[in-house]
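Have the model open as you read.

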Amino acid sequence: MSAPSTTVTTSANCWSCNAATGGAHFCPACGKIQPLQKGTDYFAFFGMPQKLTIDLATIEQRFHSLSWKLHPDHFARASEDVRQLSLDLSSQLNDAYRTLRDPVARVEYLLSLNGLRKEGQKKQQAPPELLEEVFELNESLDELRETRASDGSAAQMAGLRAKLESAQLKFESSLADVDQELARVSADWDAALDSATEESEKKKLMERMNEVLNRRSYIRNLVNGVRQELEGT
Ligand SMILES: [Zn+2]
C-alpha cells in the first residue's frame, strides 16, 4: 500500500493496512495517520455533532490532544506524503479550533456549510428598531466633522463627544442583546437536532440565525465607526 497523496479520501479503509478507520484521524488497527474522509467538516474533525452549544473545556482538551498527536515532529522520519499529511491536518485543526471556539464564527460556519451565509452580498440595512438612533448618530457624526473642520470651540467639541459616547454605549448594549438572541436561537437549533425536527423547520432556524448575524454585523460596524471617529478627535 502506498501512502496517501491527498488530504481527503473517499475510502473508508486505512491506506496502509486496509482496516476500516471509521473516519478516525489514526487507524484503529495500525495507528497510521489518515487523510480526512470526504465531507469532514470542522465539527466532525473534532468528533462532534453540528451543535452550537460547545463546552469550551472539552474542545480545548481535544484540540491539545490532537495538536500533539498530529504534530509534524512525530513524523520526522516518515515518508514525504505522510509528513505532508500531518502538516495539512495540523493546519486544518487550527482553523477548525479557531472557528468553533468562537460562538459567532461557529454560527457563521454552520450557515456557510448549508449555503446560507453570503456575507458582503449587499449593503446591510439598519435594523428597523434602531432606525431613529442610527439617524441621530449620523447627524451627530456630521456635526462633529463640521465642527472639527471649522475649528469649533472646545466646549462644542466636548458636547458632541459626550453625545457620541452615549450613543456608543447604547449601541454596545444593543450588541449585547443581539448576542443573547444569537445564544437563544443557537439553543433552539441544538434542541431541533435532538428532536429530529423536519428540514423545513431547521431551515427556518438557520434563516433566523442569518438575520441575527446580519443585525450583529451592522451594529458592530456602527460601534467601530463611532470609536474611530472619537479616537480621531
Ligand atoms: Zn491501518
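What follows covers the helix packing, then the pocket.

This is a predicted model, where local features need pLDDT of at least 70, side-chain atom pairs count only at pLDDT 80 or more, and totals for chains, interfaces and linings use all residues. Numbering runs from 1 along each chain as its sequence is written, and side-chain values use heavy atoms, with hydrogens and water left out.

Let's take helix α5 (residues 131–149) and helix α7 (residues 199–231): their axes come within 12 Å and cross at roughly 20 degrees. So α5 counts as roughly parallel to α7 (angles under 35 degrees). The crossing of α5 past α7 is left-handed. On the α5 side, Val134, Leu137, Leu141, Leu144, Arg145 and Arg148 meet Tyr218, Leu222, Val226 and Glu229 of α7, contact being heavy atoms within 4.5 Å.

Now for the second largest pocket, which holds about 160 Å³ of space. A pocket here is an open set of points on a 1 Å grid where a 1.4 Å probe fits, with protein on both sides within 12 Å along at least five of seven lines; lining residues have an atom within 4 Å of a point. Among the lining residues are Leu52, Thr53, Pro103, Arg106 and Asp179. Both α4 (103–113) and α6 (154–194) supply at least two lining residues each, and α6 gives the most, with five residues.

Here's how the two sites split by class:

| Second largest pocket lining | seven residues | two residues | two residues |

How values were computed: Axes are lines fitted to C-alpha atoms, for helices over the stretch in contact, and angles run from 0 to 180 degrees between N-to-C directions. Helices (H or I, at least four residues) and strands (E, at least two) are DSSP runs, numbered from the N terminus. Angles under 35 degrees count as roughly parallel, over 145 as roughly antiparallel, 65 to 115 as roughly perpendicular and the rest as oblique. A crossing is left-handed if the near helix is turned anticlockwise from the far one by less than a right angle, and right-handed if clockwise. Grid points are joined across faces, edges and corners, and a volume is the space filled by probe spheres set on the points. Ala, Val, Leu, Ile, Met, Phe, Trp, Tyr, Cys and Pro count as nonpolar, Asp, Glu, Lys and Arg as charged, and the others, Gly among them, as polar.
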